Amino acid sequence: QAPLQIHVAMLALNHFQENFGRGPNIGCLQDAEEMLKIAMSISETLENKPQVNGDVVKWLSRTAQGFLPPLAAAVGGVASQEVLKAVTGKFSPLQQWLYIDVLDIVTPLEKVGSEEFLPRGDRYDALRACIGDSLCQKLHDLNVFLVGCGAIGCEMLKNFALLGVGTGQDKGLVTITDPDLIEKSNLNRQFLFRPHHIQKPKSYTAAEATLNINPYIKIDSDINKVCPATENTYSDEFYTKQDVIVTALDNVEARRYIDSRCVANLRPLIDSGTMGTKGHTEVIVPHLTESYNSHRDPPEEEIPFCTLKSFPAAIEHTIQWARDKFESSFSHKPSLFNKFWQTYPSAEEVLQRIKSGESLEGCFHVIKTLSRRPRSWTQCVELARVKFEKYFSHKALQLLHSFPLDTRLKDGSLFWQSPKRPPFPVKFEFNDPLHYGFIVSAAKLFATVYCVPFTEKDLSEETILGIISSVKVPEFRPSNKVVQTDETARKPDHIPVSSEDERNAIFQLEKSILSNEALETDLQMKPISFEKDDDSNGHIDFITAASNLRAKMYNIEPADRFKTKRIAGKIIPAIATATAAVSGLVALELIKVVGGYPADAYKNCFLNLAIPIMVFTETAEVRRTEIRNGISFTIWDRWTIYGKEDFTLLDFINAVREKYGIEPTMVVQGVKMLYVPVMPGHIKRLKLTMQKLVKPSADKKYVDLTVSFAPETDGEEDLPGPPVRYYFVQEDN
């Protein structure tokens, strides 16, 4: 009935405007009554004579001259997708009317005086007509932290500007952060950016563009990452100053981290995301709802190790293989190399230790890397050529040696049958752009990690050809190593080193030392972090060439650079219609959060504009965990204990018991176990001061601890408790 009731009210509004040549006046009871009469008469003419909802008609009359920007954004996103459907003939069009109402925003304003909605002669009059002046002022005074200035982030900033968020004279600030630079591919959906902004920071540029929409908005823009590795960038004090946090990013781990900070500091969070035409919003309010971390998506299905290593069947497999090769060769191995030589600062010391029989972790692989280290551009090109032969010829020959084409399984069926594709060696051809592209991109990356300089002349075809024509490519020698065919097997963590390998390592290291090739500068490499958005760094060039060569080896359809970049970079496709709709829905929930609305007013949404479908659900009520004897807690609860300089661990345990009625039997700080009675020596810790146990830095006022409690019956697991924030001294407050 609800959509039909809204339909009747909208028809009544149209008739009112036709009859009087104007819309209903704000707060005018006479106009509202007239609209209600029109709605009643329209209802009589319709099939089934739908019941007229007086509240809907009244609120439509009251707000008819208003404009709610987030609602316009949400409806506009849907309408734009319908236009695209009409133009392209793609996806399913709407077959009926679609109404999106936000009665849960206006209904709580029932008792607000009509003067609240009257115009004041400023740019917010249309907004004021919908939500009243008090809510407008709260939006102006709002401190909001927006994480991410991509597609959704840009649309969110537009909504903030139109709502006047952060424009208060004495209060209000929008803090935004995004470490990324603007790429050309961003311009088709991140509409605060223009071609002349390419390679400029997203956050600074977005802030500048937002000020053009509303010059009174106060924006503090950063280029910080927000994740556990940058925990100190935004302190607890920063989070407590924020009235609401909005996430507009696709990194799940970062979202989980931000959620944990919001829970720890009792801050509301509004999360959202899109994937193509799909989108979702989730509102998280302290003490009312579950958090983002309260639910977990099923883990992504991993490609089996044996499929990646030996039996790819799709281009996604070869792209992931190339991505892994990049990570291994240019990031992981260089990092391990540096870490090893930071632990053992000289090659002579390492040689002495392994000669004396000492086992040094990772030593064999590090010495192997050192002995084969390229020291010139020529050697980098030679190494790339040798890798080509190893990856795309020898690998195929080895597999066909282990499993000839006529190999049969125990049941008599052929080994090489779908989905297994037999590989065929790729013969190097200098004039093949794919082959040449691999050599150049691989050589450039090897030169970067091994700190070898090169010039534009070094990259010329003439120079590369001259080097390659004189390379002695190792001949293929079949191995008897077992090829993994079990799809459930995982990549081994450590590959055992034989005694022969150890003897060889000693010889290689001695040779490097005697040749003066184990000096301090030789013991350093430059690890590369994969960056998909910088076309000049050659990362995607290498992965595209390596992936397509492997695809050619297995007779798999290759992928162009764009598709390779999307898969290797795990780029989530986004279109402006979905991001506009989602950002509008987020801003609507923001209004409710600012207004302190009750739990049943908040709505999560899932939409798919292609089908099209839009589902609103009430937020999940926060769960309460029972400890015992009526003592319980939720994820939003945090117990607090104030200590003093000589406060001992026993004093802490007694303080928890006295204040909260239950005695902890275990105290943990992060991964450090401060007190576990069954562990040796822990009983003695009861007499130690908390300062000595925790060892806080000079500026640390408190520490967050995890406590648990003894079960009611022996043999059961300890009962969990809420986090306990222990202050080292009593605060003045």
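Modeller: Let us start with Thr579, which has a relative accessible area of 1%, and keep in mind throughout that this is a predicted model.

Colleague: Why is Thr579 called buried?

Modeller: The label buried requires a relative accessible area under 20%, and because Thr579 has a value of 1%, it is classed as buried. Thr579 is found in helix H22, and, leaving aside residues up to four places away in sequence, Thr579 touches Ala151, Ile152, Glu155 and Thr274.

Colleague: What makes Asp104 and Lys592 a salt bridge?

Modeller: The rule asks for a side-chain nitrogen of Lys or Arg within 4 Å of a carboxyl oxygen of Asp or Glu, and the closest N and O atoms of Asp104 and Lys592 are 3.3 Å apart, so the pair meets the rule. The pair links distant parts of the chain, with Asp104 in helix H5 (residues 103–106) and Lys592 in helix H22 (residues 576–594), 488 residues apart. Lys592 has a relative accessible area of 2%, and it is therefore buried.

Colleague: How do you know that Arg375 and Asp522 form a salt bridge, and which label does each of them receive, buried or partly exposed?

Modeller: Their side chains meet at 2.6 Å, N to O, and the limit is 4 Å, so the pair qualifies. This pair also links distant parts of the chain, since Arg375 lies in the loop between helix H15 (363–371) and helix H16 (377–402), while Asp522 lies in the loop between H19 and helix H20 (539–553), 147 residues apart. Arg375, at 30%, is partly exposed, because that label covers values between the 20% and 50% limits, whereas Asp522, at 8%, is buried.

Colleague: Why is Lys481 called exposed?

Modeller: Exposed means over 50% relative accessible area, and Lys481, at 67%, is therefore counted as exposed. Lys481 is found in the loop between helix H18 (461–468) and helix H19 (499–514), and it belongs to a surface patch of positive charge, in which Lys309, Lys333, Lys368, Arg372 and Lys390 also gather.

Colleague: How do you know that Ile611 is exposed?

Modeller: The value for Ile611 is 51%, and the label exposed needs a value over 50%, so Ile611 is exposed. Ile611 sits in the loop between strand E7 (603–608) and strand E8 (613–618), and together with Phe606, Ile613 and Val615 it makes a nonpolar surface patch of about 330 Å².

Technical notes. Residues are numbered from 1 along each chain as its sequence is written. This is a predicted model: local features need pLDDT of at least 70, side-chain atom pairs count only at pLDDT 80 or more; totals for chains, interfaces and linings use all residues. Side-chain values use heavy atoms; hydrogens and water are left out. Patches are made of residues with over 30% relative accessible area and no salt bridge: like charges are joined within 9 Å, nonpolar side chains (Val, Leu, Ile, Met, Phe, Trp, Tyr) within 5 Å. Accessible areas come from the Shrake-Rupley method with a 1.4 Å probe; for residues, only the protein chains shown count as cover. Helices (H or I, at least four residues) and strands (E, at least two) are DSSP runs, numbered from the N terminus. Buried means under 20% relative accessible area, exposed over 50%, partly exposed in between (1.4 Å probe, protein chains only). Lys and Arg count as positive and Asp and Glu as negative; His and the chain ends are not counted. The place of a charge is taken as NZ of Lys, CZ of Arg, CG of Asp or CD of Glu. Contact means heavy atoms within 4.5 Å.
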